[in-house]
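Subject: Structure handover, with notes on what was found

Dear colleague,

I am passing on the structure below, and I would be grateful if you could look through it alongside these notes.

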Amino acid sequence: MQRTGVLRANFYIYMVPLVALLAGVLVPHKAVTWIGVAGILLVISGMVPGTRQGTQKTPADAA
């Protein structure tokens, strides 16, 4: 964890459902359903703010 960093580790964890969906489509040729697409969009929408390296406020900054 010290080598990769928390943000990068979270990024890889968030990518697991996307890889699983793509593997399901490519290997056994399963169809992509609307719920799969909605799930991926939810994962990506949670991944973007969680992995951004911008100015992050700490609790000390908020006071």
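The notes that follow go from the overall picture to single residues.

Please keep in mind that this is a predicted model, in which local features need pLDDT of at least 70 and side-chain atom pairs count only at pLDDT 80 or more, while totals for chains, interfaces and linings use all residues. Residues are numbered from 1 along each chain as its sequence is written, and side-chain values use heavy atoms, with hydrogens and water left out.

On confidence, the protein averages a pLDDT of 80, and 71% of the residues score at least 70; pLDDT is the predictor's confidence in each residue, from 0 to 100. Confidence is lowest in helix α4 (residues 59-62), with a mean of 59, and highest in α2, with 92. Where pLDDT is low, the predicted coordinates should not be read in detail.

The protein has four helices and zero strands, and its elements run α-α-α-α from the N terminus on. Helices (H or I, at least four residues) and strands (E, at least two) are DSSP runs, numbered from the N terminus. The protein exposes about 5400 Å², of which carbon and sulfur atoms supply 67%; accessible areas come from the Shrake-Rupley method with a 1.4 Å probe, and for residues only the protein chains shown count as cover. Of the 63 residues, 8% count as buried, where buried means under 20% relative accessible area, exposed over 50%, and partly exposed in between (1.4 Å probe, protein chains only).

Leaving aside residues up to four places away in sequence, V43 touches Y14 and P17, contact meaning heavy atoms within 4.5 Å. The C-alpha atoms of V43 and L18, 25 residues apart along the chain, are separated by 8.3 Å.

On the surface, L22, L26 and V27 form a nonpolar patch with about 330 Å² of accessible area together. L26 lies in helix α2 (residues 16-26) and is exposed, since its relative accessible area is 63%.

H29 lies in the loop between α2 and α3 (34-51), and it counts as exposed at 65% relative accessibility. Its phi is near 60°, a positive value in a residue other than glycine. Most residues other than glycine have a negative phi.

With kind regards

Key: Patches are made of residues with over 30% relative accessible area and no salt bridge: like charges are joined within 9 Å, nonpolar side chains (Val, Leu, Ile, Met, Phe, Trp, Tyr) within 5 Å. A salt bridge is a side-chain nitrogen of Lys or Arg within 4 Å of a carboxyl oxygen of Asp or Glu.
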